[in-house]
Amino acid sequence: MRWDAFLDAVEERGEYPSQQEADRAARVVLALLGAHLVGEERAEVAARLPETYAVILLNPLRAAEPLDPERFVRATAAWIEGATEETAKWDVGAVLSVVADAAGPDLMRRILLQLPPEYDLLFGAPQQV
């Protein structure tokens, strides 16, 4: 996916007033996501993202423990200046739904196996049980 197509999709889904705001959300969310993914799945999703965002996903800070979805949203809020948990939930959904589209259903199933329960909701792709 090209950089402008990825960012345009995030900007549209997040209803951001500028690409700068969409970019800020994408960088934070992908850095946090990268800390939770390992191995082949992280490399595969990175390969489907623009290089700028792939580097962020592939070089995250290591997470001490997996964050459940609620804590993931709180962590996002903490990293985005002026964000609240509600706006961070919006940011996470905008970015991760574009990631889910780029990844496709097979890779998304494998990604969700690495993450704590209910991350499917953050990606905007509730899984059928």
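Q: Let me start with a term: a residue is called buried when its relative accessible area is under 20%, and exposed when that area is over 50%. Is tyrosine 119 buried or exposed?
A: Keep in mind that this is a predicted model. Tyrosine 119 has a relative accessible area of 1%, so it is buried.

Q: How many aromatic pairs does a search of the whole structure find?
A: Two aromatic pairs turn up in that search. To read such a pair, look at the angle between the ring planes: under 30 degrees is stacked, over 60 is edge-to-face, and the rest are tilted. The ring centres of phenylalanine 6 and tyrosine 53 are 5.0 Å apart and their planes meet at 40 degrees, so this pair is tilted.

Q: Where in the chain do phenylalanine 6 and tyrosine 53 lie?
A: Phenylalanine 6 sits in helix H1 and tyrosine 53 in helix H4; the pair links distant parts of the chain, 47 residues apart. Phenylalanine 6 counts as buried because its relative accessibility is 0%, and tyrosine 53 is buried at 0% too.

Q: What kind of aromatic pair do phenylalanine 72 and tyrosine 119 form?
A: Theirs is an edge-to-face pair, with 75 degrees between the planes and 5.6 Å from centre to centre. Since phenylalanine 72 belongs to helix H5 and tyrosine 119 to helix H7, the pair ties together parts 47 residues apart in sequence. Phenylalanine 72 is buried, with a relative accessible area of 0%.

Q: Which residues have the most contacts inside the largest nonpolar core?
A: Picture a core as buried nonpolar residues joined through their side chains. Here the largest one has 45 residues, and those with the most contacts inside it are Phe6, Leu30, Leu33, Phe72, Val99, Ile111 and Phe123. At least two core residues come from each of H1, H2, H3, H4, H5, H6 and H7. H6 gives the largest share, 14 residues.

Q: Which residues does valine 99 touch?
A: Leaving out residues up to four places away in sequence, valine 99 touches Phe6, Leu30, Leu33, Val45, Leu49 and Phe123.

Q: Where is serine 97 found, and which residues does it touch?
A: Serine 97 is in helix H6, which runs over residues 85–114. With a relative accessibility of 15%, it falls below the cut-off and so counts as buried. A polar atom of its side chain lies 2.9 Å from the backbone oxygen of glycine 93. Not counting residues up to four places away in sequence, serine 97 touches Arg13, Val92 and Phe123.

Q: Where do glutamate 15 and glutamate 118 lie?
A: Glutamate 15 is in the loop between H1 and H2 and is exposed, with a relative accessible area of 62%. Glutamate 118 is in the loop between H6 and H7; its relative accessible area of 55% makes it exposed.

Notes. Residues numbered from 1 in each chain as written. Predicted model: local features only at pLDDT ≥ 70, side-chain atom pairs only at ≥ 80, totals over all residues. Heavy atoms only, no water. Helix = DSSP H or I, 4+ residues; strand = E, 2+ residues; numbered from the N terminus. Buried < 20%, exposed > 50% of the residue type's maximum accessible area, 1.4 Å probe, protein only. Polar contact = N/O pair within 3.5 Å; in protein donor to acceptor, adjacent residues only side chain to side chain. Contact = heavy atoms within 4.5 Å. Core = buried A, V, L, I, M, F, W, Y, C linked by side-chain atoms within 4.5 Å. Phe/Tyr/Trp six-rings, centres within 6.5 Å; stacked < 30°, edge-to-face > 60°.
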